[in-house]
Amino acid sequence: MSEPAKITLEVQRYHPEQDSGPRWQRYTVPYTAEMSVLEGLQYIKDHLDGSLTFRWSCRMAICGSCGCMIDGEPELACHVFLRDYAPGPVRVAALDHFPIQRDLVIDHSDFLEKLETVHSYLIPAEERTPADGTHRQTPQAMADYYDYAQCINCLLCYAACPQYGWHPDFAGPAALALLQRYNLDDRDGGHRLRERVIDAEQGVWGCTLVGYCSEVCPKGVDPARAINQNKAGSAARYLLGWWRPGRRRGEDRE
Amino acid sequence: MQAMEQVDCDLVVVGGGGAGLRAAIAAAEQDPGLRVALVSKVVPMRSHTVAAEGGAAGVAREDDSLDGHFNDTVTGGDWLCDQDVVERFVAECTAEMVQLEQWGCPWSRQEDGRIHVRFFGGMTTQRSWYAADKTGFHMLHTLFQTSLRYPGIQRYDEYFCADLLVDDGAVCGVLALEIASGEPVCFTAPAVVLATGGAGRVYGQNTNAGIVTGEGMAMAHAHGVALRDMEFVQWHPTTLPGSGILITEGCRGEGGVLTNRDGRRYLQDYGLGPTEPWPRPKAMELGPRDRLSQAFWYEDQAGRTIATAQGSAVQLDLRHLGEARILERLPMITEVARRYAGVDPVCTPIPVRPAVHYTMGGIPTDARGAAPLDGLFAAGECASTGIHGANRLGSNSLAELLVFGRAAGQAAAEHARSAKRRRQGVLERLAGEALAPRLELLRNERGERLAVLRGELHRIMEQGVGIFRNEQGLDEACRALAALRERLAGGIRLDDRSRTYNTEWLTAMEFQASLQVAETMAWSARARRESRGAHVRNDAYDQRDDERFLVHTLAHPGDGSGPVIEHVPVTITRSTPRRRAYGAEGEGSA
């Protein structure tokens with residue numbers, strides 16, 4: 001039998017207790033055609049260096065844990081394959097634009113806070129209890145928001161977004177897509193509350209239409225479109241604010 | 001020594017998957033002033049509920065009935081279900097599905113806007129609510145996002161729960177490690193809900209996420225709680241060879257068929273036929289998972305499977321459904337098959353084989369989720385409520401985590417208000433005692449690599465406690481697990497001795513739990529000298545034996561030589577055990 005093919009991974013390392021900044025470490029691993037980059041990292045951890053640190057869980061691109069930069073592109077490590085980077089070396093680094101906790105593990109607390117500020121949950125248009133039964137919602141009505149509901153919160157879009165890199169206050173692609181997911185749901189009545197987020201400087205106006213967020217999304221969510229859909233409404237509200245006496249942009253509208 | 005950080009609350013929920021989130025929400029709704037700590041080793045939306053695909057059961061059609069759901073569940077469980085709990089379960093499923101809809105879950109719909117339900121294995125009619133083939137994903141995100149609305153729920157994301165704190169026979173908190181810093185935190189509360197998921201990762205070939213390692217079960221067991229029915233491990237019949245990635249039963253619910261090397265729908269040869277008309281409930285590919293996985297094993301033995309680079313397989317054929325329906329109902333399966341198996345299900349059958357999927361057994365609870373330890377509750381896969389018996393029906397587990405997550409959350413909230421709190425000194429001592437052996441792992445200079453020990457665990461379980469079992473293999477497995485326990489006691493050598501985000505350290509603790517749970521599985525299986533549901537033997541005990549084994553198994557923690565097994569009665573209310581038949585033979589017997 002012939003020797004298995006090998007590939008070198010250059011992995012970004014950073015240990016806050018030991019390193020003054022990120023460094024690169026090379027590992028050579030045997031690989032087969034079906035091995036994902038994640039499985040390459042797992043091979044390193046199991047057999048070569050147990051201190052290499054990364055997040056993973058489902059290994060089927062639905063839990064959103066294993067996002068990292070692979071040869072400079074934001075990817076889920078479980079969703080791309082070593083064979084596609086042969087002969088290597090392939091560079092694996094922490095997601096751009098986030099503080100690094102250790103090696104490939106980023107601090108995602110900023111996103112989790114943003115998820116709350118955009119009210120990414122259903123605010124019922126009318127109060128119901130289970131005894132009232134389900135809403136009727138046609139497949140056509142579902143189609144309005146359905147694509148945005150596919151977001152797995154993997155944060156690849158934040159790593160792709162230059163605006164987020166420069167202005168971390170910007171709510172960012174995934175949070176604004178989830179905001180739009182609920183705004184477009186005909187069961188929801190919370191759009192007024194979300195307008196304040198949309199209209200703020202950290203809202204849709206933070207986006208400069210690069211569109212890279214939508215390109216890197218592994219689930220076909222189109223955050224750039226969600227943001228664009230909101231710019232028109234936000235502009236209209238801004239102008240209306242000038243025309244209607246006694247109301248100013250950003251004022252409480254509840 | 002520096003004082004340990006302490007978080008005082010009223011209720012600790014361990015695990016942020018479907019059951020944990022549902023429990024936390026229920027507790028917060030019932031008692032808005034309650035301080036609920038949601039402690040999870042991953043951010044909630046990373047939990048394994050996210051990977052559930054096919055559906056969640058709840059009677060929805062006019063031609064369906066609670067009796068129908070009850071009978072299917074009890075038959076599916078080969079009469080090892082506690083029927084009083086099943087009755088309560090089926091009565092509450094639908095309201096939970098509706099509640100989730102009202103929280104925004106995008107259930108798939110009919111043209112007129114009413115929700116749609118699909119067929120699932122072992123179910124008499126369409127009863128499984130679904131959101132395309134990402135049901136668990138949508139349920140989990142809906143629950144997580146809804147939980148943001150409750151200020152009483154304080155999340156502790158990426159805190160690894162290391163142990164329960166138990167004083168004088170009552171739970172009084174948990175010891176957790178903040179993963180980012182590696183620092184211990186003592187959570188004090190008179191009520192704890194374990195919602196930590198199953199233990200499928202004790203096997204090598206499984207559909208489970210890496211986090212499904214059984215700590216909740218092991219923690220309860222270490223504090224004297226006997227684990228129930230642990231021999232009943234479910235093999236899902238359709239997973240990708242090698243990786244074990246799940247290919248949902250929803251494929252067959254939509255009309256997909258299984259064929260062997262000769263293109264024959266082989267399930268007709270295992271008492272599940274005839275093949276026509278199709279689709280037909282409780283027949284052929286819509287039979288229960290245990291029967292389908294066992295049929296694969298026979299086909300494989302007979303050489304009628306297909307060889308792939310990743311092991312033998314049969315073919316799951318969806319082509320006749322047509323591209324439009326495949327893309328509408330099974331979009332994720334299509335993407336998974338294309339990417340991870342290199343086949344387009346629109347044009348080519350998907351190669352599939354069984355892999356471990358679900359732990360039917362777990363921490364025994366009553367219908368309110370209360371475990372036999374004062375202050376301890378459990379819900380979801382880590383619990384054994386008694387509804388699954390010897391074989392769980394697909395789509396009953398997503399329903400279970402809602403129904404019993406809510407029940408456990410409510411019961412724990414009540415308990416939290418009435419129970420007395422422990423003195424400070426007691427808590428500090430308990431937390432310190434729980435922490436010491438965990439820190440010892442970091443100091444260990446000698447021992448074996450974790451991956452070596454884990455490989456051995458997988459080998460033992462796949463070989464000795466597989467789809468088919470026998471006395472000799474189970475004896476060998478029990479011995480080998482004991483020997484592995486000895487090796488573990490000799491030490492794990494970690495490359496990583498630091499505290500900051502040390503996942504190797506966490507994996508070592510997970511492995512300790514997995515081995516403990518694996519022993520309860522092997523010992524429980526050896527003591528069940530019959531064949532029932534997912535526990536089948538190919539030795540002298542190849543038949544169901546109601547005389548001796550219409551009983552639950554309890555695996556008590558032993559004195560060091562292994563678990564101590566006890567058998568206790570099953571609760572039967574109105575369905576007397578009879579022959580469990582599917583296909584033509586099963587029709588009319590329900």
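This is a predicted model: local features need pLDDT of at least 70, side-chain atom pairs count only at pLDDT 80 or more; totals for chains, interfaces and linings use all residues.
Residues are numbered from 1 along each chain as its sequence is written, chains are lettered from A and ligands numbered from 1 in the order in which they are written, and side-chain values use heavy atoms, with hydrogens and water left out.

**The interface of chain B and chain A**

With contact taken as heavy atoms within 4.5 Å, 67 residues from chain B and 67 residues from chain A take part. The size of an interface is often given as the accessible area lost when the parts come together. Here the buried area (the accessible area, with a 1.4 Å probe, that two parts lose on being put together, summed over both) is about 5300 Å², and carbon and sulfur atoms give 51% of that area.

Five salt bridges are counted between chain B and chain A, a salt bridge being a side-chain nitrogen of Lys or Arg within 4 Å of a carboxyl oxygen of Asp or Glu. B:Asp112 forms such a bridge with A:Arg136, where the closest N and O atoms are 3.8 Å apart.

Helices (H or I, at least four residues) and strands (E, at least two) are DSSP runs, numbered from the N terminus. Among the elements that give two or more residues to the side of chain B that touches chain A are helix H3 (83–102), helix H4 (135–147) and helix H14 (503–527) of chain B, and the largest share, six residues, comes from H4(B).

**Two open sheets**

Strands are said to pair if DSSP finds at least two bridges between them. In chain B, four strands form an open sheet of mixed pairing in the order E1-E10-E9-E8, with strand E1 (5–8) and strand E8 (159–167) at the edges. E1(B) pairs in the parallel sense with strand E10 (residues 183–188) of chain B over four bridges, and B:Glu5 stands opposite B:Val185 in E10(B).

In chain A, five strands form an open sheet in the order E2-E1-E5-E3-E4, again with mixed pairing. Strand E2 (23–31) and E4 of chain A each have a single partner strand, so one side of each is left without a neighbour in the sheet. Strand E3 (residues 67–70) of chain A pairs with E4(A) in the antiparallel sense over four bridges, and A:Met69 stands opposite A:Pro74 in E4(A).

**Backbone features**

Most residues other than glycine have a negative phi, and most peptide bonds are trans.

| Cis peptide bond | Omega |
|---|---|
| A:Gly88 to A:Pro89 | near -5 degrees |
| B:Gly273 to B:Pro274 | about 5 degrees |

A:Pro89 is placed in the loop between strand E4 (73–76) and strand E5 (90–93) of chain A, and B:Pro274 in the loop between strand E14 (257–259) and helix H7 (289–301) of chain B. B:Glu158, which is not a glycine, has a positive phi of about 60 degrees and lies in the loop between E7 and E8 of chain B.
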